[in-house]
Amino acid sequence: MVRVDGTSNGSLIQVRKLDKRYQRGSEEIHVLQGLNLDVEAGDFVAFMGPSGSGKTTLLNLLGGLDVPSAGTITVAGDEISALSAQKLTAWRARHVGFIFQMYNLIPVLTAFQNVELPLLLTKLSRAERRRHVETVLELVGLADRMQHYPRQLSGGQEQRVAIARAIVADPTFLLADEPTGDLDRRSADEIMELIDRLVNEHNKTVLMVTHDPRAAERAHAVLHLDKGVLIEAA
Amino acid sequence: MKYFALLWANLKRKKIRTTLTIGSFLIALMLFGVLAAVHAAFYQGIEVAGADRLVVINRVSLIQPLPLSYRERLLQLPGVKEVTHASWFGGVYQDERNFFPQFAIETESYRRMFPEFAISDGQWKAFEGDLQGCVVGAATARRYGFKPGDRIPIKGTIFQGMWEFNVRAIYTGTRQGDDETQFWFHKKYLEENGPDFFKGLVGWYTVRVGNPDQAGAVGKAIDARFANSSNETKTEPERAFAAAFVKQMGNIELLLLTIGGVVFFTLLLVTGNTMATSVRERTAELAVLKTVGYSDRFVLGLVLAESLLIALQGGLLGVLAAVGIAPGLSQAMPGMTFYLPTSSLVLGVVLTVLVGLAAGLVPAWSAMRLRVVDALRRV
């Protein structure tokens, strides 16, 4: 159950009075203003809103890529807004899987090597890493493309590799920033079906920023972000 | 090791650029190696000089001879263990370009004075027994195909006429850097067949002292012994004598250091620029690495390791090339032995590592400080 009133307790992701301000020259930009959010494990949340409304900023804060100006973010009991940069990096490796609009694969690594990247930070043996990578690449339907380089894959396939990379270390939740933004309709639908399966069959928690209403339709909850405030869609 | 694939893949990203950078390291280290070999060739006499040996020359100049009679007087001085002498012959074998140093030596003591030159007893005996016999260094023997039993004509320039010698022995150096180009023959042969102006004279003496710590005092005693005579002496440790000899040719060390310094500084700029470009191009990728949990320090290490790997590949190839080139230089410049001393090999590798790290430092630092949010916004 997704809530934005800040009254819930014990949710997986708990955001309280989150503020984010930027200084641009002499002007202060107040991107997020006292935002509250509660997301339960297994929820699939879509964030929508006009450009510049702070969707990506919110995602960056939730993923520990940026630090809030005020307020707290607590994930699975860890208050990440209080962690040092070094601890935050380690926390990200353990808890967050990122899916980007532009896939952001390393072009000189094969699909297998790209997916293996997060696992290199773990203590898994080479054989164990291989097993994990093969499993997730099979899950995203790319078992036969493991040794292909990103340039040898279509956009949809690249995004599947990116999703495989995001889930391979079994993170606590996934953050997807416009995951279908660079894809044609058919590929976009395939990616959304895959994310659907991750949520419904594998009980993954997904927070997604999107401009695409068809993609947002699949979410359990759609939240609109406007002028730094979250509003639950009717 | 598990990160090697990532490291290697990054190097293969721009193959031409990486190859050219490796190539610049190769050329620079090859040049360094060749300069080190040139340095060794000039300074080898200094490096291998005996600490217990003194060289006694005429105070006027090296080319002024000393009386043969000084030998016994030198031997009588306290602290002097052994005395031998040699005289520069300056002959030409077939062609003036065929240079190798020829010395008329005192047969009896010369071998004992210079034990670093290895000669079989049988060959030495054959040399001693033949007034026209000669001993040839292995490098000169190889160069002209001399072997025991050969008869060699040498045209005298100081001591006019055609001189015939029989090769009786080949000597080899026992240490890296020992000069294997020399040619020795009996002073007695020169004495009996040479011009009157050189009779009873020698070029210089080499003296062995009993205690190397007393070498300075013994040297002073020698010069004092012959002070106010018609042939005053100048005695120096063999090392100082060799150094003075090299100094006559100019400050080679400064020249080599200057060239080497300029080359390495240029290399630093070239590699630094390459690494900076490489990091700029990969801003988004480095941000992704940080996003998935790679630490700032890891990214710093990754860029430094890339720079180091480029440097080491080029550097090691360059040093190997220099090792291969050195013998060719010896062939091209007769009379000198070019080789790459182990210390220079190690220094070359150390310099490679230092330049590799220094060149990668600034780009690595900027990669480390890269903010993920800013970098991803640029994608």
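Contact here means heavy atoms within 4.5 Å. Keep that in mind for everything that touches. One more caveat: this is a predicted model.

Where does it sit? A:Q147 lies in the loop between α4 (126–139) and α5 (155–167) of chain A. What does A:Q147 touch, leaving aside residues up to four places away in sequence? The partners are A:T110, A:F112 and A:Q152. Take A:F112. In sequence, A:Q147 and A:F112 are 35 residues apart. In space, their C-alpha atoms are 6.2 Å apart.

Next, salt bridges. Over all chains, the search of the whole structure finds 38. One of them pairs A:D38 with A:R16. The closest N and O atoms of that pair are 2.9 Å apart. What does this pair tie together? A:D38 belongs to strand β2 of chain A and A:R16 to strand β1 of chain A, so the bridge links parts 22 residues apart in sequence.

Now the interface. Chain A brings 22 residues to the contact, and chain B brings 22 residues. About 2,000 Å² is buried between chain A and chain B. Carbon and sulfur atoms give 66% of that area. Which residues of chain A lose the most area to chain B? They are A:V108, A:L120 and A:L121. Together they account for 24% of what the chain A side buries.

How many salt bridges cross between chain A and chain B? The rule finds one. It joins the side chains of B:R371 and A:D66, at 3.3 Å from N to O. On the chain A side, helix α2 (residues 85–95) supplies the largest share of what touches chain B, with three residues. By class, that side has 13 nonpolar, five polar and four charged residues.

Last topic: the second largest pocket. Its space is about 910 Å³. The lining has 33 residues. Nearest the centre are A:T56, A:T57, A:N60, A:D177 and B:R377. So which elements build the lining? From chain A, β1 (13–24), β2 (27–39), α1 (55–62), β6 (96–99) and β7 (173–177) each supply at least two residues. From chain B, α14 (372–377) also supplies at least two. Helix α1 of chain A gives the most, with five residues. By class, the lining has 14 nonpolar, 13 polar and six charged residues.

Conventions. Residues are numbered from 1 along each chain as its sequence is written. Chains are lettered from A and ligands numbered from 1 in the order in which they are written. This is a predicted model: local features need pLDDT of at least 70, side-chain atom pairs count only at pLDDT 80 or more; totals for chains, interfaces and linings use all residues. Side-chain values use heavy atoms; hydrogens and water are left out. Buried area is the accessible area (1.4 Å probe) that two parts lose on being put together, summed over both. A salt bridge is a side-chain nitrogen of Lys or Arg within 4 Å of a carboxyl oxygen of Asp or Glu. Helices (H or I, at least four residues) and strands (E, at least two) are DSSP runs, numbered from the N terminus. Ala, Val, Leu, Ile, Met, Phe, Trp, Tyr, Cys and Pro count as nonpolar, Asp, Glu, Lys and Arg as charged, and the others, Gly among them, as polar. On a 1 Å grid over the protein atoms alone, a cavity is a set of points where a 1.4 Å probe fits but cannot get out, and a pocket is an open set with protein on both sides within 12 Å along at least five of seven lines; lining residues have an atom within 4 Å of a point. Grid points are joined across faces, edges and corners, and a volume is the space filled by probe spheres set on the points.
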